[in-house]
Amino acid sequence: MPEVRRLLAVLSTTVLLAGCTASPEPPRTPPTGPAPVVSGPATTLRVLAGSELADMQPILDEAAKATGVTVQLDLIGSLEGAERVATGGADGKYDALWFSSNRYLETLPEAKQRLGNATRIMGSPVVLGVRPATAQRLGWTAGTATWKDIAAAAGRGELTFAMTDPATSNTGFSALVAVASALDGSGRALDAAAIDRVAAPLTGFFSGQRITAGSSGWLTDAFLGRMAGTDPGPAVDGLITYEASLLELNSSGKLSEQLTVIRPGDGVVSADYPLTLLTSAPTGARDAHERLTAYLRGRVAQEQIVARTWRRPGTTGVALPSDLPAAPVELSFPDTRAAIEALLTAYQDRLRRPSRTVYVLDVSGSMAKDGRLKQLKAALEGLTGVNTSLTGEHCRFRSREEVILLPFSSRPAAPQRYTVDAAAPQPSRDLLRAAAGRLRAGGDTAVYDSLLAAYREIDGAADRNRFASIVLMTDGESNRGRVLADFEKQVRQRPATAEPVPVFPVLFGEAAEGQMRRVATVSGGELWDARRGGDLTKTFCQIRGYQ
Amino acid sequence: MRLRLLAVVVAVLLILVVVWQVTRDDDAVAGDCATTRTEVSGIVGSEKEAFLSDARVVEALGCAGFTLRIDADGSRDMAERVATGYDFAFPSSTPTAEKIMRGRNVTESYKPFSSVMVVATFKPTVEVLRRKNVVETVKGRDVVSIAKLVEMSRAGVTWKAINEGSPNGNVVMLRTTDPADSNSAIMFLSIASAALNDGRPVGGADAVPKLMPDLCRLVLDQGTKPNTSGVLFEEYLTGGAERIPMALIYESQFLDSVSDQKVPAGGENVLLFPNPTVYAWHTLVPLTPAGGEIGRLLRDDDTLKDIAVEYGFRPQGRRLDDRPNPPVVVEPPDYQVLEEMLDALADQRKAARCPK
């Protein structure tokens, strides 16, 4: 009875299928693989992001069309962002974070506990771009050099470079870890003791640093300004930043000469851009995060990322542009807070070129009103090691730093010079705090006489191998002594080979914005605004990244 | 002839029954499937995320009356995060499940499938490692000797040193996830501690201190590590032989034939068992009755088991003749022993220093 048996077989299958609740029939469209959950209800995802991610806006606009998820990007610097997260300031206000890396955040327990699902989107190593003449001179035209070669060249005085402050910006932080690890050469993540093994060659490396900044965007502009001769000071040989930024610059048509990209052969530290949900985010945001990251990791978005932002893809299967070499090997990045803090502290207090910082402080009569003088004192005191917040710790006056207080009203007062003692830094900072406390208001406003007095202090110093800069805090127009034109003339008369002295004017009260902007521009500095809702303490702290 | 007639009659009857069944079935698809759906939320190890969001799994669970919402997380983190309103937790090992069960006073659990810990590596890497006896043959099968890797770690031998022309200056090590976050790194501690203990699971917490100098190096020297095995596997796939020559992952990740993240064809990627290895039992801990239902379905439903096989898992009680078994297997040590190692690692990480 073959038929019967066959029929019974059919029957039993049918009965089985009918009784089965899970998988009836062969499915209409075979649903293999994970469900592509890309589109969905219109939602806004509030994202606190690193400032360099502004270039993702066009891709995020496309993502919004495809997924219904509109991203509201609020841009912030790395360190400030980390502090915001660690103190709970991002909870409830943001759904997700998007920084170049979570490495620093993960070393802070208060921040780490707030990090939920993290999805890597793309990557870019921190590398060195050098001017063609430099590449020629050092034999690096093929782009092959190691961090060891780079540190040695800088130590010999044959390479100058621009790099951001490792405490406040991710490119500087990544470069510091990369150079230290490469010099250590153990093939292991740096431990707390490693810093002593590499201090000497690292000091050599940092002797070549000519420009520092709190953000990589500003750093790049300063590097280009000096290369083009529009900013004061001699051109600098190299720029340490993301590979993506260098490739973008080279393709921008803005450069008179293409930078040679050096991808150090002994390894790199890369940004990996994890789009990270905050654990405090509501359910809807989780869903939006999932849809958005699925889109961003899809082929279309990945190809756009490579083509438009010059970053490397975060997923497999997306071809690299033919002229882009394979990514260098990643150096082991220490994940211990102790090792990282040891490295950052060593950088500030032992390894970097020390700073000479002049504070030109308006104590004219108008500073007596609205508690302005009190705010000024508090802002200075915030730099003397008493501010224990994350950002505060990194903006204290550093060991070996020379700090000159130059208060002025109708005329500049006598400069008060303090050097932070490397062996006992805190007593030096305490002296500075006491000096700030003694400031008194009264008299007129001689801005330019005082600014020029500050230049004299810097240009007359016997020890010139320092990062020199001026913070100019004023709450009104100059009404005594020399004028802006005199200042501009004096600055232009400085020799072309002299290291420039950037001025960072801080607007306060009724300061003359136009004039102050001009001062910043001609000196190669930057204008800061602490008026109306501005916070003088925070501003003074942020400027530290540029000193 | 009568027999033949009887057969025809029976056949006709059967056809009628079939037709009736099929029609009934058509009417009743919705009827047999639950008409209402309960949302069930679970926190699961990232390595199961793709499986649990497979359209067929979603459909099957939906039919059983459940809409699944999952948060993928490092399985270790889960023990901390599980407090916040989930119906179940689904870590990928019994030790982590035990921790959750103890914390939440849960006594039952489901073990629908397991996965062996494997080394994902590359063809040229295997040859390099074979020359250095790190890859050895046991019971006719190539395995990665963990004891040899410990020696390499102690001596600080770099990839560059054993492989001329390699740009990789990092010490020859297995790349793992972070034991503070992820279950697969706990499996790594189980493997490495057994290798340091003459191939036997470490019996008690008092035996831990003497293992810590090596365990600490194997973990801390890697620097930052992925929080989840999913991220680690992606690092391996995108990194390639030069950047990530070896990663300790779940066998399921390598064998997964369905999800986006799969091993490319071409044979460059190689799967080897470490010597020794451990089985990770994916263990569902129910926190509500609905969560328990999900556990039961995953364990008992044949369709779900079939799909689990496609995702590379080894369902409980199912023979998989195409999958080799690892030649050397140990049990993970007791939960307290692992906790002891994790506590010691946390202290050493805080100090950023390994004991000598």
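Residues are numbered from 1 along each chain as its sequence is written, and chains are lettered from A and ligands numbered from 1 in the order in which they are written. Because the model is predicted, local features need pLDDT of at least 70 and side-chain atom pairs count only at pLDDT 80 or more, whereas totals for chains, interfaces and linings use all residues.

Me: Why does Y448(A) count as buried?
Reply: A residue is buried if 20 or more other C-beta atoms, placed from the backbone, lie within 10 Å of its own, exposed if 12 or fewer, and partly exposed in between. Y448(A) has 22 C-beta neighbours inside 10 Å and therefore counts as buried. Y448(A) belongs to helix α18 (residues 447-459) of chain A; helices are DSSP runs of H or I with at least four residues, strands are runs of E with at least two, and both are numbered from the N terminus.

Me: With which residues is Y448(A) in contact, leaving aside neighbours within four places in sequence?
Reply: Contact requires C-beta atoms, placed from the backbone, to lie within 7 Å. On that basis the partners of Y448(A) are S478(A), G481(A), R482(A), V483(A), L484(A), D486(A) and F487(A). By contrast, the C-alpha atoms of Y448(A) and G385(A), which are 63 residues apart along the chain, are separated by 31 Å.

Me: What makes strand β8 of chain A largely enclosed?
Reply: Five of the five residues of β8(A) (residues 238-242) are buried, so the strand is largely enclosed by the rest of the structure.

Me: How do you know which strands pair with β8(A)?
Reply: Two strands pair if DSSP finds at least two bridges between them. Strand β5 (residues 122-130) of chain A has five bridges to β8(A), in the antiparallel sense; in one of them, L128(A) is partnered by I240(A). Strand β6 (residues 161-162) of chain A runs parallel to β8(A) and is joined to it by two bridges, and here A162(A) has L239(A) as its partner.

Me: Why are β15 and β18 of chain A called edge strands?
Reply: The open sheet has six strands in the order β15-β14-β13-β16-β17-β18 (chain A), with mixed pairing. Strands β15 (416-419) and β18 (528-529) of chain A each pair on one side only and are its edge strands. Within this sheet, β16 (residues 467-474) and β17 (residues 503-507) of chain A pair in the parallel sense over five bridges, V471(A) having F504(A) as its bridge partner in β17(A). Helix α20 (residues 513-523) of chain A packs on the sheet and touches β16 and β17 of chain A. The direction of helix α20 makes about 165° with that of β17(A); axes are lines fitted to C-alpha atoms, for helices over the stretch in contact, and angles run from 0 to 180 degrees between N-to-C directions.

Me: What confidence does the predictor give chain B, and where does pLDDT stay under 50?
Reply: pLDDT is the predictor's confidence in each residue, from 0 to 100. Chain B has a mean pLDDT of 89, and 88% of its residues reach 70 or more. Over residues 22-30 of chain B, however, pLDDT stays under 50, and the model has six contacts beyond four places in sequence for them. Where pLDDT is low, the predicted coordinates should not be read in detail.

Technical notes: Contact = placed C-beta atoms within 7 Å.
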